[in-house]
Amino acid sequence: MAQRDLERRIADLRSSEPWTEDEARLVLDACEESGESVAAFARRMGLGAYRLFWWRKRLGQVAPAPAAFVPLVVREATSVSPRQPAAVLVRGSVRIELRTLDADSAAWAAALLRSPEDERACPTCGKERRCVCHERTEVIDLIPAEVVVRVDLREVLACEDCDAEMVRAPMGDKVVAGGAYGSRLVSELVVDKYRDGLPLHREHERLERLGLDMPSSSMADQIACAADLLLPIWRALLARILSSKVMHLDGTSLPVRDKDNAYAVAIGTLWGYVGDDAAAYLYTSTGKKTGQLEGEVGPEDLLAARHGYVVADAAGLFDASFKSGQRIEVGCNMHSRRRFVKALDAGDVRAAVPLAAYK
């Protein structure tokens, strides 16, 4: 059918009610061949866009939208300002607190969602509808981490008038000078291992999913170097605990793999030291009162620098430390307290009197 005859045939269908399937297919095929949108074709031919959309859906000519990620545009917090949501729900006698992200610390991202193309035309006049506002819905989501190659471009300065010595900008931030790993990556390893308890082989799997094949041995070396850099903080923390008005200490056994025997387990000790507003945990390879390896600090070694009140249990390894008058022994009564708790739970109300003396 010639183009002019086709347009004349479509013009005759403007007032035709209703269309047959053959007539609808004729119009839809002409729309597709024109390369125009449904709304633009309907305007040009004087048809109602809503009728074309209805027939497209009925005849199954609407292809399902391909799966795609919604683009996220990260904006400043002022452009997508946080709101204060309801904090409490009450269901009968149950009180539920709704905890949300801190608006001051969380990043806010705007996801601009467009309406489908087949819904953008006005169903009455066929004109393209314009956006008048956005309905807002807040969703807590996560932007996953990304491994990148940081390219450090060190500035080199030279004098153009003479051959004086050139100067270079400092090296980029790294834990190991000359190493291949940045400080942010290493700090992530330290936090994951010691704060979140993630073993290095699982950390390796996690990084591998992000595209980085980092051996566990390299992770261990980087963490060891990071620990050396943290020594000033470690010393300051111990000094703060030692200067507290009251210091508490206790130890618990900790089995570890024996590096000298692949099939053996060594029993070390994790010592906890608590001050007024700080706490530290030191590992020793044995349960003895002094450190047995280079760099180890046992309880007697640390107590030698302590003056004042020390809360400890009746273990014999503290006896030598309390012979001096510079440390005042304060007995730990937790073991006896729990006996009173058991007695009170069993119905002996006399146990309430000593329990009231505990804080």
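# Chat: helices, cores and cysteines

Reader: Start with the overall picture. What share of contacts with a separation of 6 or more joins residues 24 or more positions apart?
Author: This is a predicted model. In the chain, 43% of those contacts are between residues 24 or more positions apart.

Reader: How many helices and strands are there?
Author: The chain has twelve helices and eleven strands.

Reader: How much of it is buried?
Author: Of the 359 residues, 23% are buried.

Reader: Let's zoom in on α2. Where does it run, and what is its reach?
Author: Helix α2 covers residues 21-34, 14 residues in total. From first C-alpha to last it reaches 20 Å, close to the 20 Å expected at 1.5 Å a residue.

Reader: Which of its residues are buried?
Author: In α2 the buried ones are E23, A24, V27, L28, A30 and C31. They sit on the same side of α2, because they cover an arc of only 155 degrees around the axis.

Reader: What is on the face turned away from that side?
Author: Exposed residues D22, E32 and E33.

Reader: What does the buried side of α2 pack against?
Author: Three helices are its partners: α1 (3-12), α3 (38-45) and α4 (49-58).

Reader: What follows α2?
Author: G35 does. Its phi is positive, near 80 degrees.

Reader: Now the cores. Which residues have the most contacts inside the largest nonpolar core?
Author: Those are I10, W19, V27, F41, L47, L52 and W55. This core has 21 residues. The elements giving two or more residues to the core are α1, α2, α3 and α4.

Reader: Pick W55. What does W55 touch, beyond residues up to four places away in sequence?
Author: W55 touches W19, T20, E21, A24 and L28.

Reader: How far is R8 from M45?
Author: C-alpha to C-alpha, R8 and M45 are 9.7 Å apart in space. In sequence, they are 37 residues apart.

Reader: Changing topic: cysteines. How many disulfides?
Author: The count is zero.

Reader: Is C133 buried or exposed?
Author: Its relative accessibility is 54%, so C133 counts as exposed.

Reader: And C31, buried or exposed?
Author: C31 is at 6% relative accessibility, so C31 counts as buried.

Reader: One more. Where does D192 sit?
Author: D192 is in helix α5, residues 183-195.

Reader: Is D192 buried or exposed?
Author: D192 is buried, because its relative accessible area is 8% and buried means under 20%.

Reader: Which residues is D192 in contact with, leaving aside neighbours within four places in sequence?
Author: G197, L198, E203 and R206 are its contacts.

How values were computed
Residues are numbered from 1 along each chain as its sequence is written. This is a predicted model: local features need pLDDT of at least 70, side-chain atom pairs count only at pLDDT 80 or more; totals for chains, interfaces and linings use all residues. Side-chain values use heavy atoms; hydrogens and water are left out. Helices (H or I, at least four residues) and strands (E, at least two) are DSSP runs, numbered from the N terminus. Buried means under 20% relative accessible area, exposed over 50%, partly exposed in between (1.4 Å probe, protein chains only). Contact means heavy atoms within 4.5 Å. A disulfide is a pair of cysteine sulfur atoms within 2.5 Å. The expected span of a helix is 1.5 Å times one less than its number of residues. The arc is that of the directions from the helix axis to the C-beta atoms. A nonpolar core is a set of buried Ala, Val, Leu, Ile, Met, Phe, Trp, Tyr and Cys residues joined through side-chain atoms within 4.5 Å.
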